[in-house]
Each structure stands twice: as C-alpha cells, then as structure tokens.
Amino acid sequence: MQGIMVQGTSSDVGKSMICTAFCRIMAEGGYRVAPFKSQNMSNNSYVTVWGEEIGRAQGIQAEAAGIIATVNMNPILLKPESDMKSQVVLFGKEMAAMDGMDYRQHFYKQGLEAIDQALLNLSQDFTHLVIEGAGSPSEVNLNDRELVNMAVAERADVPVILVADIERGGVFASIVGTLALMPHPERVKGLLINKFRGDLRLFEDGVAFLESYTGIPVLGVIPYLPEHGIEQEDSLGVRELAKAASQRPIDIVVLKHPYLSNFTDIEAFLKEPDVSVRWVELVSEIGQPDVVILPGTKSTIADLRFWKSQQLEEALKALPDETRIVGLCGGFQMLGDYLSDPFGHDGLKVEAEQGLSIVPGMETYFSEEKFVQRRKGMVRLEKADVPVEGYEIHTGRSTSIFPPLIQYGKDSEGYLEGRIIGTHLHGLFDGPEFRRAFLAPLRKAKNLPEPAVSKEIDRYAAWAQHVKRHINWQAVEELMEAKT
C-alpha cells in the first residue's frame, strides 16, 4: 500500500483534522483511501455499525472518505480510567485495564502484531492510507517501545509530514527540536504550519528559514478556521469553540468531569447562533443557567464523588424551576439514587454509592460486559414526536424508570419528567429536529426568534477545500508516489 503519515510536534496541533482533510481530498481524487491510527488514547470513542469501539477521529475520517469505519482503522484504543491506568480496547473489544508499565512490558509485542494484522486487512480493500500519529514523536523516554509514530511509519513504509501549531507560539523551536530528537527524521519529507492567523505574507520569511535550516519543504501554511463544524477529538478544541460562542442569550452549563468522555455530545449546540456553552469545574461557577448538562464519564463513581464533595446535589435542587437538568450516559447514572460497582468495572470497587437523587427510583449496577450499540428511536417532546439516533456505550445497567425519554419500538430508555432529561444515548442533540424542539421553550421564554433553518453544508468538503487551497497538494501526491 501507499500513503502518507501525519505526525505532530505535540498533541492538539491538528493532526486529526489534517488527516480528515486528506481523506476527503483523496477520496474525491479517486483514491481507494482509508484512515489509520495504530493506537489512539481517548475516551471519546466511535461505535462502528458492528457495535465495536474505535477512536472517534478515525470514525470521522472514514466518514470524510465516504467509507464504513472498521476496527482495522484503529486496532488499539486506550481509554484512561485514572492517571495510572487505561482500559485497552483491541480490535473494538475491551481486553483489560493496564497501567503504563504493564502496557510497555507485556503488550508491546501483541500491539505490533495487531498493527501488522490491521495493515494487512486494510490492504485487501484499499490502495492508500492516511496515517495519523499521536502526541509527539520525540518523546525519547518512550520511543524504544512506541506503537504509534515512527514505528508505524517504518512498518507501513510511508513518508511523514510533520505538523506544527503556530498559534501556540514557538513554532520554529518546536519543529527544529522535534526533528533533532525524533528517530528516523529522514522520513519527514514535508512540513505543515497549522492554525495561522493574519496575513500569510508575514510568514514568508518563516517558511524560507524553515526550509533553509531543516532542508525540508514547507508544504503549506493553513489559516485558522474556527467554524469548520467537524467534531474535535481533544476536549481542548471543544472548549476553544465554546469560548467563541460565549455571551449569547441561552446559557448552557456543562460540568467538566475529571474523567470526561464523549464530550462531542455538546458540540451540536455550538451550531446555534443564540446558545452559549460554559464548561465549569466548580459548582460555585454554575450560577443560574438555562440548562445544566452532566455529560459522559469514563469513571462515573469517581466523578460523582468529585461533584458530591462540592454539594452538587444541593446546588441542582436549588436551581430555578425553569432550569433544565440533562444527564448523558454516566451523567445520567449520577442523577439516580444509587450506583453499585462491587467488582470495580467502573474503576472503583463500591458496594453502594448514593447518587444525586434527581431521578427517583433509578439504580445503576456496573457489569463486566460493555453495552455497545447504535440506536434509532422517537422522543415525545413539546407535543411532537421527534426522531433521534446515536449510540450507547456503557457498562452500567440502570433500572427502568418512568416516564421514559426514548421509545425504541417496544423497548424504551431514559427519563423525561418536567425539567429533567436523562439518557444513555450519545448524539442526542446532533439531530437538528430534537435540538430545535429542546431549545424551543427556552427561546419562547426569552422572546427569541426561532433561527432560520440553514442549509446543511458538507462540512468535510468545505474543510478539505480550505486545506487544499493552502497546501501544495501535488507535492503531497508526489510524496506518496501516486499521482493521479
């Protein structure tokens, strides 16, 4: 197979976004292309049509390429459970929880075998790969047994493009330092400068310096594009987008759990011109918003204890009657009466933990088997039936309560009573119909007009066009030795 690998000088420089653009550009150019990331560390997972877990970024990249996401595109997914331990998901299925040392000592060989198998599997259906690295390739203390940067470039035998985020500052030092410390810097055949703000002509001297000093061509300088509409894998990106939408009349507060997961459930609100999103880490910062959302979490009981130590239950019950409280997945489970995890499947061995008692009668038991499934259903909201779809991914099993939120044929799930909404369904607010129905009474109470329904644009095409305008795409094709 042929392809290209995108590595970065650090985390959150835009590797995932660049790979998303490359997948769409190549798909539109007639390539049989697939995304690949050997090892992803994220609690923001994507559920395939077969009910398997992969990193959300690779699912998004597959969508950009117009193909169905599979576990071969991300064979190893690490989901942090604490500062020391992560759940290892191998080819879409939970394998074990390991700390960093165990992972390096006991999983390394198995990891290499998984990478080779995934690459072989992808070669049966695709001719080209867009491969994403992770973090920085210059972590000298980890490079002898790494599974995601130059080791993968070597095994796949592809050239590397190194991306740097100029918005962080220190772009020259980050590039030069990374090249000096990374293994096999000769594989780096191009540089990309990402998130540039201002007049591109002001960086022409910077391009000349980098090319002269490193001997590597700068393939492009990509301007910052704040409203691209593509889900972020890193929660830092979501918080930056939320800042851009502050000071709007509808105030939504999101509790930022220490073990926050599936934060992309919140991104859909950023499409609304009259909605602001505030992430808070202290109960004292909640104030009196229109909506409080408890999002998903990788360690429900640990995060519940974090909020209980700040008297969250009392704060929620003291909110005005018109303030809506929404619990999503682990956040929903927190709203119940009790949670039980006697074997530590959620992270802590707890016989019985008192919940926030916002949803009466609900108890949650954590089991070894994880429930992973895509679902479609109907919600009765504001006197209308509204379609919803998304995915569930949780080990906690909650007792059935009434009245439910979502009807899945003869099955039902969630909770809807007055101002309280709870569900295990991720992606609830992604559908514009449900989002508009949810926001309608808030807008009415504030005498806000219903925003015009804007035509949905192809966000992948728009982002790909933006990237392609600002890079030397012909040079990228030449690097892959696969000119069309």
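1. K195 is found in strand β11, which spans residues 188–196. The model is a predicted one. K195 has a relative accessible area of 15%. Buried means under 20%, so K195 counts as buried.

2. What does the side chain of K195 join in a polar contact? The partner is the side chain of D165, at 3.4 Å. Beyond its neighbours within four places in sequence, K195 also touches several other residues. Among them are D12, V13 and G14.

3. Now the helix pair. Helix α5 covers residues 171–181 and helix α6 covers residues 204–214. Their axes come within 11 Å and cross at roughly 15 degrees. Angles under 35 degrees count as roughly parallel, so α5 is roughly parallel to α6. The crossing is right-handed.

4. Which residues make the contact between α5 and α6? From α5 come F172, I175, V176 and L179. From α6 come G206, F209, L210, Y213 and T214. By class, this contact has seven nonpolar residues, two polar ones and no charged ones.

5. Helix α13 runs over residues 473–480. W473, A475, V476, E477 and M480 are buried there. Note that E477 is in this buried set. What covers these residues includes the strands β1 (2–8), β9 (128–132), β10 (160–165) and β12 (218–223). The helices α1 (15–28) and α12 (459–469) are also part of the cover.

6. Check the residue that follows α13. This is E481, and its phi is positive, near 55 degrees.

Terms used:
Residues are numbered from 1 along each chain as its sequence is written. This is a predicted model: local features need pLDDT of at least 70, side-chain atom pairs count only at pLDDT 80 or more; totals for chains, interfaces and linings use all residues. Side-chain values use heavy atoms; hydrogens and water are left out. Helices (H or I, at least four residues) and strands (E, at least two) are DSSP runs, numbered from the N terminus. Buried means under 20% relative accessible area, exposed over 50%, partly exposed in between (1.4 Å probe, protein chains only). A polar contact is a pair of N or O atoms within 3.5 Å; within protein, one must be able to donate a hydrogen and the other to accept it, and residues adjacent in sequence count only if both atoms are side-chain atoms. Contact means heavy atoms within 4.5 Å. Axes are lines fitted to C-alpha atoms, for helices over the stretch in contact, and angles run from 0 to 180 degrees between N-to-C directions. Angles under 35 degrees count as roughly parallel, over 145 as roughly antiparallel, 65 to 115 as roughly perpendicular and the rest as oblique. A crossing is left-handed if the near helix is turned anticlockwise from the far one by less than a right angle, and right-handed if clockwise. Ala, Val, Leu, Ile, Met, Phe, Trp, Tyr, Cys and Pro count as nonpolar, Asp, Glu, Lys and Arg as charged, and the others, Gly among them, as polar.
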